[in-house]
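Take a look at the structure below. We will walk through it step by step.

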Amino acid sequence: MSEQTMNFTKADYEAAIAVLGRAEEGKPVGIVNLTDEQVMVLDGVHAVQPTPMPWLETQGEIDKELVGKVALRALLGQGYVVPASRGEGQEVGIDAIPELTGTLVLRRTPQAILSIERVTSLGRHWVFCYLHEGYGILEEEVATSGHHTFSVYPEAFLGERLEKFLDPTSAAIMAGKPRTFTVPEFEAAGPTLPELSEALTVCVLSAVKVNDDMVRNVTVYSGPRGVFTLQGDVRDGVDDHLVLTEVGAGVVRGLPGKLLAA
C-alpha cells in the first residue's frame, strides 16, 4: 500500500486525534454514517477509493459532479458540512464538521489496513479497519446498499470486534489437524468438502501495510460443521500449497493481529 500524498492541515490532524480519542474499551463508538455519494464528494469526486462503492458501482455511467452536488445538499441538511466564507470578494465555500474531517483524515493516513469481505446468501458485506498505532482504530463498515458506518475503538479490541464478522454464529468450538492440498488438488476437492460447501459465511481477511505492496490473506469458512481457515503455504520458495484447518474461537479472535504482525 503506497503512502497517501494528500495534504492535511494541523487542524485536520487534531480533528483526527480527537475522533480516535472518543474510543472506549470493549465496544465500538459510532462516529458518522455516510452514503457512497457522500463519501465520494467529501473525499474527492475523482479520487480512487480504498473501499467498494456498491451503490455507485451499480449505477452505470453517471454524472459524478451532479451526484456530488446532490450529496452535498444532503450533507448540509444533516449538519455534517456548513457554509464557510473564504474571504472578502471570494465565493462562499463549505467546511466539514471536525468529526467528519477527522474521520476522512484517519481513513487516508493509517499505518495498515485490515479488511474483511464477507459473502453470505444475502450478498457481500465489507469491513475496513484503519490502524493508527498507539492511538486506535477507525472502522468503516460498508453495506451492499452503499452505506458506510464509521466507528472507533482501541487496538486491543480488534480481534474481539472482528470475531463477530468472521464467525457470526459462534461456530468455532474445536481445533483440528491441518490438511494440505496442492492448488490443483484443492480446486478438484474443494467444492465437495462439506465443511466448505455448507458454510453460511465465507470471509476473506486481508492485511496490507503502508509502503508494503504485499497483501496477506486468509479465508475463513463458518458454518454448522465449525470454522475453517484456508491459507497459502510456501514450500521451497513456491506458494503452491493450501492448508485447511479447523480452528477454535481463540484462533479466530487472534487472526487479525497475526496478519498485521506478519
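Predicted model: local features only at pLDDT ≥ 70, side-chain atom pairs only at ≥ 80, totals over all residues.

Start on the inside. In soluble globular proteins, nonpolar side chains tend to be buried together. Here, the largest nonpolar core has 30 residues. Val32, Leu34 and Val152 touch the most other members. Which elements give two or more residues to this core? They are the helices α1 (10-20), α2 (36-43), α3 (64-78) and α4 (98-108), together with the strands β1 (29-35), β5 (123-132), β6 (136-142) and β7 (147-153). Strand β1 gives the most, with 4 residues.

Now zoom in on leucine 34. Set aside its neighbours within four places in sequence. Leucine 34 is then in contact with Val39, Leu42, Leu75, Tyr80, Leu100, Gly146, His147, His148 and Phe150.

Next, the helix pair. Two packed helices are described by the angle between their axes and the distance between the axes. The axes of α1 and α4 come within 7 Å. They cross at roughly 95 degrees, so α1 and α4 are roughly perpendicular to each other. From α1, the contact uses Asp12, Tyr13, Ala15, Ala16, Val19 and Leu20. From α4 come Pro98, Glu99, Thr101, Gly102, Thr103, Val105 and Leu106. By class, this contact has 8 nonpolar, 3 polar and 2 charged residues.

Then turn to helix α5, where arginine 161 lies. Is arginine 161 buried or exposed? Its relative accessible area is 9%, so arginine 161 counts as buried, the cut-off being under 20%. Its side chain makes a polar contact with the side chain of glutamate 139, at 2.6 Å. Not counting residues up to four places away in sequence, arginine 161 touches Pro28, Glu139, Glu141, Ser151 and Tyr153.

Finish with two loops. Most residues other than glycine have a negative phi. Serine 170 has a positive phi of about 55 degrees, although it is not a glycine. Serine 170 sits in the loop between α5 (158-166) and β8 (179-182). It is exposed, with a relative accessible area of 55%. Asparagine 211 also has a positive phi, near 60 degrees. Its place is the loop between β9 (201-209) and β10 (216-223). Asparagine 211 has 57% relative accessibility, so it counts as exposed.

Note on methods: Residues numbered from 1 in each chain as written. Heavy atoms only, no water. Core = buried A, V, L, I, M, F, W, Y, C linked by side-chain atoms within 4.5 Å. Buried < 20%, exposed > 50% of the residue type's maximum accessible area, 1.4 Å probe, protein only. Contact = heavy atoms within 4.5 Å. Polar contact = N/O pair within 3.5 Å; in protein donor to acceptor, adjacent residues only side chain to side chain. Axes fitted to C-alpha atoms, helices over the stretch in contact; angles between N-to-C directions. Parallel < 35°, antiparallel > 145°, perpendicular 65-115°, else oblique. Nonpolar A, V, L, I, M, F, W, Y, C, P; charged D, E, K, R; others polar.
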